[in-house]
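Please have the coordinates open as you read.

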Amino acid sequence: MAIRTHSQAFIMNTLKKFFYLAHPFWSGAHGRLQWLMLAVLIGFTLCSITISVWIAAWDKRFYDALAAFDGASMPSLIVEYLGYMAMVIGCIVCADWLQKRLIFRWRTHLTDQFQKNWLEGHKHYRLRLTGEPDNPDQRIAEDIYLLTDKSISLFRSFINNIAKFSAFVAVLWTLSGVQTFNIGGYSITVYGYLVWVALIYSIFSTIIAHLVGRKLKNLNIDRQHREADYRAALLRVRDHAEQIAFYNGGEAETGRLKQRYLRIHDNWRRLTNCEFRQETFWATYVRISIFIPILATLPMYLAKTMTFGDMMQTRTSFARVQDSFGWFTDAYRRLIEWAAVIERLSGFQTALEQAEQKSPSLQSHQTDLPHHRGKAVLQNLTVHTQTGTPLLSGISLEAHAPEWLLLEGKSGIGKSTLLRVLAGLWPYYHGSFSLEGSRLFFPQRPYLPTDTLRQTVSYPYSACQDNHLIQTVLKQVGLNSPTGRLHTLMNDLDTSYEWHGILSGGEQQRLSLARALLHKPQILFLDEATNQLDDESALMLMQTFKQHLPDTLVIGISHQPKIQALFDSSLNLNEKII
């Protein structure tokens, strides 16, 4: 009883999560088109079932003619069968094509939805603060596809089996006739006994399939976790190839990758053992299924109350009805994998929704007002850790363009965290602040997407089409040096490159900072944005900013004395430590 209650709760919970994930696509603006495509897909499936009924009737006529050595009937029967085959193939091919189109439409919708939800409001960053679900990249790239593919495939399979049952159960009931059995001196009359044999056999096999394969769900979820962790480790090696090579860390990384792979191996061993048991049962189940209708009809055939054609038609009809009864058994592994995918995507969706909510004890206020000049106002701002422990307290200031304001303080006190608050990334603070005017933030580690030079220097806005302007700002940040790696690429603005792999750390910072000269923000935030450059190069670059951004409010962090000297004023955060 407890097992049944647990199973029911699991099924209801899985269906509830599935409908929550599926609802936006099937009820959205284009929901009618989705349903029309699904209806046509089901129509093709039902047509193929109807033709299968015709083929079952053909079986009787063909095998009766064969048993009677009726060669004259064979040509017309063969032509009839070829016609059925042509129609079935047409239905199957059209249904498969439509199914793939529908799957990809749903996948595209879900991918757009999850990508947008993950990236908007900086949730891709905030999730890392609160416990990010493992491998969101895999959940978006792989799990969404698996959800759409398995959902539509399973639904089509389910409808197919319902239709098969409806079409063939009447045929099998009629072929079964009325059978009388004498058991213990009692006479028992059974109507449609082959239908009952198929039902009892399916119930029995379904129970065994559940008992044999009940561990598959958790093992499949665990497999996805471990495969994704291993793939992420490989990507980290690729992304940090140079650093690993400098450390001569190949052996250490080999050991780390081996540990990740051993986790895959352990899961694989347990999964294959479980699948071995399930496949053993499945192979036995299929072979017995073929033999049961022959064994059940053999007495009637030997008693000459059933023709050979009737026997073959019964075998076909029994197989179809038994398939319908045993659909859960046949689809058990796919259902388990489907449930595992729903669990992962639902967990990711829940995490994204929770990331939108702010702790009630850490209320915040932020305004974003348009203005012709940059302005920043902080009023009694207190910055907290994720657990609510204060880092900095009572920060109040008002800064106007073209002021350069330096945030001073010892390492680790929260200077970068304060900038994260102003960027809207860090939700753990009291007080309020307002930023008036367009702005750009430059973190310590620049981000250069694998893209063209035009797109990279224009990031995060649309690509600038003024080639002369792009080349000018690249020269202004010092990327025109004949010895620089970017010098030969400055006239090649529309070829994609992996910049982190071909540029030095200083060149990456220069390319990143060229965006400020291109976009000319009204407020510019710099967090150690020149720490990969020597002092003289950093000074020249910041002097260029002074010259070409005369109306910009600059708020920065720097530990380079020559850069610090360029700032007009400073805020000593050492005095704000609690």
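This is a predicted model: local features need pLDDT of at least 70, side-chain atom pairs count only at pLDDT 80 or more; totals for chains, interfaces and linings use all residues.

1. Helix H4 spans residues 123–130, and its buried residues are Lys123, Arg126, Leu127 and Leu129. They sit on the same side of H4, because the arc they cover around the axis is only 155°. Their packing partners are helix H3 (74–119) and helix H12 (332–355). Just after H4 comes Gly131, with a positive phi of about 105°.

2. Helix H6 runs over residues 193–213, and its 21 residues reach 30 Å from first to last C-alpha, close to the 30 Å expected at 1.5 Å a residue. Its buried residues include Tyr193, Tyr201, Ser205 and Gly213.

3. You will find 18 salt bridges in the structure. One pairs Glu343 with Lys17, with the closest N and O atoms 3.0 Å apart. This pair links distant parts of the chain, since Glu343 belongs to helix H12 and Lys17 to helix H1, 326 residues apart. Glu343 is partly exposed at 31% relative accessible area, whereas Lys17 counts as buried at 18%.

4. A salt bridge joins its side chain to Arg226 (3.4 Å, N to O). Arg226 is in helix H7 and Asp266 in helix H9, so the pair ties together parts 40 residues apart in sequence. Arg226 counts as buried at 12% relative accessibility, while Asp266 is partly exposed at 25%.

5. Asp266 also forms a salt bridge with Arg269, at 2.8 Å between the closest N and O atoms. These two are three residues apart in helix H9, which means about one helical turn separates them. A network of salt bridges links Asp222, Arg226, Asp266, Arg269 and Arg270.

Terms used
Residues are numbered from 1 along each chain as its sequence is written. Side-chain values use heavy atoms; hydrogens and water are left out. Buried means under 20% relative accessible area, exposed over 50%, partly exposed in between (1.4 Å probe, protein chains only). Helices (H or I, at least four residues) and strands (E, at least two) are DSSP runs, numbered from the N terminus. The arc is that of the directions from the helix axis to the C-beta atoms. Contact means heavy atoms within 4.5 Å. The expected span of a helix is 1.5 Å times one less than its number of residues. A salt bridge is a side-chain nitrogen of Lys or Arg within 4 Å of a carboxyl oxygen of Asp or Glu.
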